Amino acid sequence: MNDRTRPDLLAPRAEKPGAPADARTATGYIGLSVPRAGARRLLQGRGTYTDDLKLPRLAHVVFFRSPYAHARIRKLDLTTAARQPGVIAAFDGRAIAEYCTPWVGVLAHLKGIKSPPQHAVAIERACWQGEAVAAIVAESRAQGEDALAHVEAEWEELPVVTDMEDALSNRSVIHPELGDNICFKRDFVTEGFEDAFAKADLVVEETYSFGRHTGVTLEGRAILADYNAGEHSLTVYQATQAPHMMQDIFSRHLNIPEANVRVICKDVGGSYGIKVHVYPDEMATAAISVMLRRPVKFLADRLESFLTDIHAREHKAKVRLACTKDGKIIGFDLDDLTGIGPYSVYPRTSGIEGNQVVNLTGGPYAHKNYRARLNVVFTNKNVTCQYRAVGHPIAVAITEGIVDLAAQKLGIDPAEFRRRNLIADDAYPYTFPSGLKFEQLSHHQCLDKLLALMDYQGLRAEQKRLREKKIYRGIGLAAMIEVTNPSPAFYGVGGARISAQDGATVRLEPTGMVTCLVSVTEQGQGTEGIFQQICATAVGVSIDKVRVITGDTGTTPYGGGTWASRGAGIGGEALLQAGKALRANILELAAAALSIDKNALDVSTDAVCDKATGETKMPLAEVGRIGYFRPDTLPLKFQAELTVTRHYTPREYGFTFTNGIQASYVELDTDTGFVKLLKHWVVEDCGTVINPMLVDEQIRGGVVQGIGGAMLEECLYSPEGQLLNGSLADYLVPMSGDTPDIEIAHVCTPTRQSELGAKGVGEAGTAGAPGAVMNAINDALAPLGARVNVQPFTPERILRALGKV
Amino acid sequence: MDEFFEATITVNGKAVTRRVQPRQHLIDFLRDELGLTGSHTACEHGVCGACTVRIDGQIRRGCLMLAVQAHGCSVDTVEGLTDSGELGALQQEFHERNALQCGFCTPGMLLTAQELVATQPDATREEIRDFMSGNLCRCTGYQSIIDAIEEVIVTRRKGAQP
Ligand code: FES
Ligand code: FES
């Protein structure tokens, strides 16, 4: 069965992408695969993740969590627990609420969205299994966990709603004060929609379901809060993607002046969107630090991670596609239902994911008619919110699934069908029926490149040959668009205090080195590495002269942080502008010192030089020495400015869309239902590529997370709302043996909104992979008359589709 | 719970004697008592490999072993194997290929890979993928890790040829 004869499927390791340490292009370091300097300490085990930190008098908090999905707390007695060895204090929700005000996860631009107030620790009622209802603080984590066994709680079980359709029916309303279980709904239709569908030659329809899954960051959520009563100040070490957002939130909910709150983000062991939200247990940890006036640490263990890290992507979407008989798409019709748990997550809300599905479905195609209905409902499971590629994996899979089905019905090759319908590369700027505006996309260039890269015709021939031997292989394509570099239209307009702008400060040090401080954070994706490249290029120094500092509200400019594929495009542009401004200031100083026209000078390789001849005029170390120690030698009115700050906000478009296309090649074992992923290809257009190696590695990691959702991952709940697979032994994620090699190529259409021209790329892999894999599996199943549309595609589901079980 | 045992363990070549609770896991002992924070815990169940350390020359999962069980043993961690230079070739290859992102899985990956490099000098790409299948990385998608290990193995093989 395992006929893996194609030699290129077992391709040997890729050419080493890393550029030599001394490499640079004529224009600097942009576009070079420079290995990132910050990776070295991680390779030596010398990273500093939040749990690695210790402070004097550090206490540890653990949480007593609801064993029920929905229950009233009849009695909660913490006295015995509080007397256990090593226990410092025990608090219930009311005690913590005196220090931490509740929050409501709504945004004004999601019209009608509603959610009840949520407390750091539940009071009176728990609404999902795992919701914290008491906190125990102890000298050690182990002592705290020992004491948990002595918490006395009595519960009154309440009706549980776990099924989305059950929730939508309002049979039992989780929050009676809200009237129904609907958190948010959206209805959208373009003019003439009904008519267009009525006149279509062919309308295909299918319903797709997606398993609720989660991010599984290897490092659990972690926070160390240190309140200092003498200063009324709070320093929070936190594994977070948005330090300034958290600073604002700690300030407002704990009633500490913003300037007294400092959030520091050291190394982070994976985020993927999981660590950009406000978590009740983390807020409680900060509140407890204030209450006890000492440092307190909380680290989510693996079970707590499964029970309380945001989940995502539980959707059931019915989609219809109308087209002409010669294969022209006329329109899409979507009805999406998603279940988000009992609260809309603060402050980004749990309405965004569904909203994105509405925004993006049908996105790559040139059609004019679109109708969408979205229902976002409360359930008694863990909360859901934005996880890597927010909504895209759903929108891409349902779009590409129904597109393939239409092609199949019409007997048109799926690649050819896409060619006929993808928006033309010269049609931009373009407004999509859902109202989104695209600056410039390159669907057709990407499609052509992909088909060549994968040898599409050759694969089709091979597939045909093997079918005769009863070897079932499938090829799946998935075109996509992706939201990156969001403007304030994403959150700010809705009233969220989430910054869409970022800032960068660049400082020339007296020795000629350059320090830059940027508000975007490093989560492992290589942000600090590309910032080194951008800064070195902008100022004109060699890369080893640049030091980057991120992740500290006490030192960096104000900014949004790392989410929605925005770090390179927004933070990078701010840094480019800051670096250029510093370069200009360096030239001013050198010109004054040397009495030469500054226009005749430039900065190159750590020195001010003659622009025309390249002759060195003054090393930067000399510029620094004069600027800082001998300004008396400069003209009387001249003030050196060797520190510069610049900011950047994308504003012309709501989002800077990227596009790309992926392909998956699979082999199906019809006896066991197992699918072997043989190979995966991606062609992506993320504009200017700052570091090709880092970009490709972001895509690969993203693809594998997408494969996880498509093939393995699902948070399984019993009808009583009990999570059935809360460990990594039961919840499967892709391991190295499950994953294919992934080949990547690029089309490069820089955005014209910024000088850097970079768009985002961190989520693209995850956005497209599930759709490509699904289409490949269905392509393999097609000759057997079977089809699957419920993710993850487990062997059992495939055998069921084949009628074998 | 108040009982303590005295354990003597050779950690990265130096003997240390500590009073440990019998229930303390080796990984927590290394991290909390000795400050060797290079090894991590992620699953606490023996399935992810983030806690991989070397006991008497063989890789083991620090979350599945108690500290007292290491009494009389020799334990090596990423810190010690970095200082000794043993991991140098892998670290270099991982760096150049960006075979790590957040780095949380990396120490475990390196120790596992080093055992493969030492014990299976002829490992093929498929065998490398198999051998590394007990180590979870959520960031990279594995390909660059496999590439890096393969490069080290191939380079050694070339070096070993007369
Ligand atoms: S923490 Fe030990 S194997 Fe995962
Ligand atoms: S690099 Fe983040 S888990 Fe492997």
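Guide: Let's start with a term we will need: a salt bridge is a side-chain nitrogen of Lys or Arg within 4 Å of a carboxyl oxygen of Asp or Glu. Keep in mind, too, that this is a predicted model. Now turn to chain B, where the domain assignment gives domain 1 (5–81) and domain 2 (85–157). Taken over C-alpha atoms, the centres of domain 1 and domain 2 of chain B lie 22 Å apart.

How do they meet? On one side, 18 residues of domain 1 of chain B are in contact with 14 residues of domain 2 of chain B. The size of an interface is often given as the accessible area lost when the parts come together. Here domain 1 and domain 2 of chain B bury about 1300 Å² between them, with 57% of it on carbon and sulfur atoms.

Back to our term: between domain 1 and domain 2 of chain B, the count is 1 salt bridge. You can find a salt bridge where the side chains of E86(B) and R54(B) meet, at 2.7 Å from N to O. Looking at the side of domain 1 of chain B that touches domain 2 of chain B, at least two residues each come from β3 (52–55), β4 (58–61) and α2 (78–83) of chain B. The residues of that side of domain 1 of chain B divide into 8 nonpolar, 7 polar and 3 charged. Finally, 9 residue pairs are in polar contact between domain 1 and domain 2 of chain B, counting pairs with both residues at pLDDT 80 or more.

Note on methods. Residues are numbered from 1 along each chain as its sequence is written. Chains are lettered from A and ligands numbered from 1 in the order in which they are written. This is a predicted model: local features need pLDDT of at least 70, side-chain atom pairs count only at pLDDT 80 or more; totals for chains, interfaces and linings use all residues. Side-chain values use heavy atoms; hydrogens and water are left out. Domain bounds come from an automatic or database domain assignment. Contact means heavy atoms within 4.5 Å. Buried area is the accessible area (1.4 Å probe) that two parts lose on being put together, summed over both. A polar contact is a pair of N or O atoms within 3.5 Å; within protein, one must be able to donate a hydrogen and the other to accept it, and residues adjacent in sequence count only if both atoms are side-chain atoms. Helices (H or I, at least four residues) and strands (E, at least two) are DSSP runs, numbered from the N terminus. Ala, Val, Leu, Ile, Met, Phe, Trp, Tyr, Cys and Pro count as nonpolar, Asp, Glu, Lys and Arg as charged, and the others, Gly among them, as polar.
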